[in-house]
Amino acid sequence: MVREVKLYIHPYCLSSYKVVKSLIREGIVNKLTIISTEFSIKDVFSRQIISVPWLVIDNIDVATDPLEPELV
């Protein structure tokens, strides 16, 4: 079963940076869609994203900050 995984981040957020850096190191960054909240205001308001990083799997909000890299 292929799952749709989205990770909302902000480029100036340290937590977002740590999660993305870990995903790159683990070689799994290409298995999900990374979306910058800086350019996705519509998503921020429609999903009611109140903190980043914000993880969505199969269109279900599943986790937010504090989000440790090993949880993604």
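Four strands form an open sheet in the order 2-1-3-4, with mixed pairing, where helices (H or I, at least four residues) and strands (E, at least two) are DSSP runs numbered from the N terminus, and two strands pair if DSSP finds at least two bridges between them. Strand 2 and strand 4 are the edge strands, each pairing on one side only, and the twist from one strand to the next averages 25 degrees.

This is a predicted model, in which local features need pLDDT of at least 70 and side-chain atom pairs count only at pLDDT 80 or more, while totals for chains, interfaces and linings use all residues. Residues are numbered from 1 along each chain as its sequence is written, and side-chain values use heavy atoms, leaving out hydrogens and water. The predictor's confidence in each residue, pLDDT, runs from 0 to 100; the chain averages 87, and 89% of the residues score at least 70.

Strand 1 (residues 5-9) runs parallel to strand 2 and is joined to it by 4 bridges, and Tyr8 stands opposite Ile35 in strand 2. Helix 1 (residues 14-26) packs on the sheet, touching strand 1 and strand 2, and its direction makes about 140 degrees with that of strand 1; axes are lines fitted to C-alpha atoms, for helices over the stretch in contact, and angles run from 0 to 180 degrees between N-to-C directions.

Thr37 is found in the loop between strand 2 and helix 2 (41-47). Leaving aside neighbours within four places in sequence, Thr37 is in contact (heavy atoms within 4.5 Å) with Tyr8, Ile9, His10, Val44 and Val52.
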